[in-house]
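This briefing goes through one protein model by topic. Please have the structure open while reading the points below.

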Amino acid sequence: MAHPLYKIMYNGRKIPCIGLGTWMSTKKAELKAALNAAFDYGYRLFDTAYIYQNESIIGNAIKDWLSSGKVKREDLFITTKLPISGLCTDRVELFLKKSLNNLELDYVDMYLIHFPVGTNIGKANTPLHELKLEMSAHNEVWKEMEKQVKENRTKAIGICNFTQKQIENIKKTCNIQPACLQIESHVYLQQNELVDYCQQNNITVIGFSPLGNPGYNNFLKTIGQNKRELPNALENETIKLIAKKHKKTPGQILLRYLIERNIVPIPKSVSPQRIKENIEIFDFSLDNDDMKKIKELDMEESGRILKFDFFSEEIKDSPEFPFPKCLSAN
């Protein structure tokens, strides 16, 4: 069994240094097997979201492991997210209660605002590009997030995909500061300035898509946007040479790079073998030469995979939309 190290967040709570991402994992048998493998190999951080439509599967797996006595609730770190249709003051508690019911838990360890722009709830299966802009001010939503901590529905609160300016605006009026920022983070999109800002302000950075593009091409096809050729960090020659040097896989090098940068990666996988490999990154370190070479791979914004360009023009025109309009063009 692998034993991940822990980081201490500003509020004193521990968060594992690596977790399992679950976006696009909705097949019950497949995800349940993946979760069981992850538990076996020592994962204790599990990341989901209301919009992923898999909270119930994850909750069922957690219930089984807790019932078995193999893990205790306090050993787990469960993260879920307020959906884009919940970014209104009267919907924060509503959606967290829905998530807790799905997960069969009394509380989650981290509740995140999934995106800085909000939409109407819409009907079932409403295409993303048909959703309409509908949201409350960030600082007002944040007050409702703070209430969830006070009501013991979550131990910590944070944000996803927010900019430095948006974080600063929350900090001006908050009583509980964001515990973490979850962002796309991999060798082609390193976001050094934003990461440095967060770490200087005691905001833990969690990196999604740490392995680059696996799975995203398929996602883009499902929404009719497969015009972009996404870079594949696993096939990068520099990464492969460093992997050979350390007798590790390219994926393990990509994850270790984030660990070295004090970022918590949450790689998504349903393959037991890949899940095992992803957590076996605590028995080696990258040297200064490795770090320098990998840092040079940064493509800045041109390396961004998830640009949220599937939203309507109204949403992308919102001043709260976190990415330049030029990035949303195919």
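Predicted model: local features only at pLDDT ≥ 70, side-chain atom pairs only at ≥ 80, totals over all residues.

Ile113 has Ile159, in β7, as its bridge partner.

**Sheet**
- Strands β6 (residues 110–113) and β7 (residues 157–160) run parallel and are joined by three bridges.
- Both strands belong to an open sheet of eight strands, in the order β3-β4-β5-β6-β7-β8-β9-β10, with parallel pairing.
- The edges are β3 (20–21) and β10 (264–265); each has a single partner strand, so one side of each lacks a neighbour in the sheet.

**Helices**
- Helix α3 (residues 92–103) packs on the sheet, where α3 touches β5 (77–82) and β6.
- The direction of α3 makes about 140 degrees with that of β5.
- Helix α6 (residues 192–200) lies across β8 (180–184) and β9 (204–208), and α6 runs at about 165 degrees to β8.
- The axes of α6 and helix α5 (residues 164–173) come within 11 Å and cross at roughly 20 degrees.
- Angles under 35 degrees count as roughly parallel, so α5 is roughly parallel to α6.
- On the α5 side, the contact is made by Gln164, Ile167, Glu168 and Lys171; on the α6 side, by Glu193, Leu194, Tyr197 and Cys198.

**Annotated residue**
- An unreviewed UniProt entry places the feature "active site" at Tyr52.
- Tyr52 is in the loop between β4 (45–47) and α2 (55–68).
- The relative accessibility of Tyr52 is 11%; Tyr52 counts as buried because the cut-off is under 20%.
- Apart from neighbours within four places in sequence, Tyr52 is in contact with Thr22, Trp23, Thr26, Asp47, Lys81 and His114.

**Cysteines**
- The structure holds zero disulfides.
- For Cys17, the closest cysteine sulfur is that of Cys180, at 14 Å; a disulfide needs the two sulfur atoms within 2.5 Å, so this pair is too far apart for a bond.
- Cys174 is likewise in no disulfide, and the nearest cysteine sulfur, that of Cys198, is 13 Å away.
- Cys17 is buried, with a relative accessible area of 10%.
- Cys174 is also buried, and its relative accessible area is 19%.

Key
Residues numbered from 1 in each chain as written. Heavy atoms only, no water. UniProt positions renumbered as here; feature names shortened; annotations may be inferred. Helix = DSSP H or I, 4+ residues; strand = E, 2+ residues; numbered from the N terminus. Buried < 20%, exposed > 50% of the residue type's maximum accessible area, 1.4 Å probe, protein only. Contact = heavy atoms within 4.5 Å. Pairing = 2+ DSSP bridges. Axes fitted to C-alpha atoms, helices over the stretch in contact; angles between N-to-C directions. Parallel < 35°, antiparallel > 145°, perpendicular 65-115°, else oblique.
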